[in-house]
Amino acid sequence: MGSYNKLWKLLIDKNMSKHELLEFIGISSSLAKLKGGAYITTDVHCKICEVLNCDFKDMMEYLPK
């Protein structure tokens, strides 16, 4: 399972809300998935990285079971 706690911290640091991020990347259905740490496509990860000028490791982490 994954954790997006780093993403939420990054949004706070950049003074951006979760909804603003989703508007920038043009995807609204992924918020629930992100909040739950569920799988989202690599395309969505790439869009987030473009908007926030970050890398995958800056926004998520793998949590072993």
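Visitor: What pattern does the protein chain follow along the sequence?

Guide: In this predicted model, the protein chain reads β-α-α-α-α-α-β. That comes to five helices and two strands.

Visitor: How do you know how confident the predictor is in the protein chain?

Guide: pLDDT runs from 0 to 100. The protein chain averages 86, and 92% of the residues score at least 70. Among the elements, helix H1 (residues 5-13) has the highest mean, 94. Helix H3 (residues 30-36) has the lowest, 70.

Visitor: Why is the protein chain said to agree with a compact globule?

Guide: The rule is 2.2 Å times the number of residues to the power 0.38. With 65 residues, that puts a compact globule near 11 Å; the radius of gyration of the protein chain is 11 Å, so the two agree. The C-alpha atoms fill a box of roughly 30 × 25 × 15 Å along the principal axes.

Visitor: What makes a residue count as buried, and what share of the protein chain does?

Guide: Buried means under 20% relative accessible area. By that cut-off, 35% of the 65 residues count as buried.

Visitor: What makes a set of residues a nonpolar core?

Guide: Its members are buried nonpolar-core residue types, such as Leu and Ile, joined through side-chain atoms within 4.5 Å. The largest such core here has 18 residues. Leu 7, Leu 11 and Ile 48 are among those with the most contacts inside it. H1, helix H2 (18-25) and helix H4 (42-52) each give two or more residues to this core.

Visitor: Which residues does Ile 48 touch, leaving out those up to four places away in sequence?

Guide: Ile 48 touches Leu 7, Leu 21, Ile 25, Leu 34, Ile 40, Cys 54 and Met 59.

Key:
Residues are numbered from 1 along each chain as its sequence is written. This is a predicted model: local features need pLDDT of at least 70, side-chain atom pairs count only at pLDDT 80 or more; totals for chains, interfaces and linings use all residues. Side-chain values use heavy atoms; hydrogens and water are left out. Helices (H or I, at least four residues) and strands (E, at least two) are DSSP runs, numbered from the N terminus. Buried means under 20% relative accessible area, exposed over 50%, partly exposed in between (1.4 Å probe, protein chains only). Contact means heavy atoms within 4.5 Å.
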